Amino acid sequence: MTDPVILWLREDLRFDDNPAMREAAASGAPVLCLYVLDDATAGDFAMGAAQRWWLHHSLCAFKEDLETRGGALILRRGKETEIVPALAKEIKASHVFWNRRYMKWQTDPDTEIKSALQDMGIKGISCNGRLLYEPWEIETKSGDPYKVYTPYWKSLQQKEGPRAALPRTDKLNAPPSLPSTDRLDDWNLLPRSPNWAEGFEPVWTPGEKGARARLRAWLDTDAASYDDCRNRPDQDRTSRLSPHLHFGEISPVVLWHSVSDAMEAGDIPKDQGTSFLSEIAWREFSYQLLYYHPTMRDQPLMEKFTDFEWDTDKKALNAWQRGRTGYPIVDAGMRQLWTEGWMHNRVRMIVGSFLVKDLLLDWRDGMRWFWDCLVDADPANNTASWQWIAGCGADAAPFFRIFNPTTQSEKFDPDGAYIRRYVPELRDLPTRFIHEPRKASTAILKDAGIVLGETYPDPIVDHSDRRKQALSRYEAIK
Ligand SMILES: Cc1cc2nc3c(=O)[nH]c(=O)nc-3n(C[C@H](O)[C@H](O)[C@H](O)COP(=O)(O)OP(=O)(O)OC[C@H]3O[C@@H](n4cnc5c(N)ncnc54)[C@H](O)[C@@H]3O)c2cc1C
């Protein structure tokens, strides 16, 4: 094969265990790597601001690695349905390889591109590089997709296990002459004035090497007590691999085998490792849900919630977004999100429940804010998780089970270390008041340098009142 081939990279910026890349390399032809930034096709799901920061750095890291392997990366911005076939024609490619994506607004253009290529006599070859099992590979006995997680997880465990990880691709020879490429800097993915992503830099290393280093560090230190500590934001001992997984800088197959091997070797106790694997399975389950129920992207899976009466209080939404609700654990979470582009899972549940059941605001408002602010924003995980929190999704927490933000805070951040880290104006408050500053006397507040309503907000709603209102609105749609 002498005509070049195209490797169209999407959410798979890695050399390790990359099925489409292996196939492209195995063709023996010169390989041109392509990345397309297509905001128009994605519509509401165009990449959010935090992920644009990540993408910039991830593409830089990938390009550097690619060039040491003899490859070349072409960047193009615009509609992928136009760019991919046009480039294939321009360079007279024989094949275009890619790893599959699963959201309807992604699979529709993929199908269109495959057929446009076929019409030109060019083969479009797609592979699974994103999931342990494709959505249609795990089904109920009657052949339907699952809507409840526990049987899904059981069914996944009964399979033989994910395929073995593929070896790293070491060589990708670029064609001798290259088509034109955009300059990454011209895409303006990084925030400039102000540079609100300053807080991301000490926390994250986008790219495959960063993903590998994080996995190694987590396996060595925190994996063995994953289940014991995974709900403690103050301890911060989950893997933090979510943005790397989203951008495909590490594959779930590698993750699955790394943890399973460590369990086999006795380095991670079975219960702790299995708990982690079950979270990877939540990711798979979310993909299955969105694949079979694409309207979930903006419509509740449980139809009765279409009639739920949501508030539209912009001031309350703004206070939530800025971390100024007067509920310290909620504010800490929202400020962690703003500063680092990430939030601990337990706190995502607390702030999500607060938005929906205390502020009575639409879960889609929360989903959109997360979409813009999270470096790990993922269409399947974000959508399924918000619907779960709002009680309107598959296997959801029932709406009437309402988190009390204060008791959640006392339980999962007992010394207030997480709150102190992200809400520094409360740093000097004694622990017994850190979860509920309004209970402290004026003298104690004064000693801690706090004036409620000035240096830190009064609670914007009363939890027990709002709880009653939420339940009565739920009664109306039940
Ligand atoms: C309201 C809300 C919104 C969320 N939005 C996203 C999102 O946009 N992107 C995202 O990746 N996760 C999302 N999650 C799920 C979860 O919070 C994150 O995956 C997790 O906090 C990432 O941290 P980690 O990598 O340290 O997780 P770990 O605990 O180390 O778990 C390992 C991996 O398992 C997967 N995982 C863990 N928990 C879940 C879960 N509940 N659902 C699906 N997959 C899971 C993730 O890929 C994660 O990286 C959301 C959760 C909630 C409650």
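1. Which pocket does the ligand take up? The space taken by the ligand is the largest pocket. A pocket is an open set of points on a 1 Å grid over the protein atoms alone, with protein on both sides within 12 Å along at least five of seven lines.

2. This is a predicted model, in which local features need pLDDT of at least 70 and side-chain atom pairs pLDDT 80 or more, while totals for chains, interfaces and linings use all residues. Residues are numbered from 1 along each chain as its sequence is written, and side-chain values use heavy atoms, without hydrogens and water.

3. The ligand is surrounded by 26 residues (a heavy atom within 4 Å). Tyr226, Thr238, Ser239, Arg240 and Asn345 are the closest. By class, this shell has 13 nonpolar, seven polar (Gly counted here) and six charged residues (Asp, Glu, Lys and Arg).

4. Domain 2 (131-163 + 208-292) and domain 3 (306-471) both contribute to the shell, so the ligand lies between them. The bounds come from an automatic or database domain assignment. Helix 11 (270-292) is among the helices that supply at least two shell residues each, and helix 11 gives the most, with five. Helices are DSSP runs (H or I, at least four residues).

   - ligand nitrogen to a side-chain N or O of Glu279, 3.0 Å;
   - ligand oxygen to a side-chain N or O of Arg348, 3.4 Å;
   - ligand nitrogen to a polar backbone atom of Asp376, 2.9 Å.

Alone, the ligand exposes 820 Å², and the protein buries 95% of that (Shrake-Rupley, 1.4 Å probe).

5. Most residues other than glycine have a negative phi, and most peptide bonds are trans. The bond from Ser193 to Pro194 is cis, with omega near 0°; Pro194 lies in the loop between helix 6 and helix 7. Asp17 has a positive phi of about 45°.

Note on methods: Polar contact = N/O pair within 3.5 Å; in protein donor to acceptor, adjacent residues only side chain to side chain. 1 Å grid on protein atoms, 1.4 Å probe; cavity = no way out; pocket = protein on both sides within 12 Å on 5 of 7 lines; lining within 4 Å. Sits in = over half its atoms within 2 Å of the grid points.
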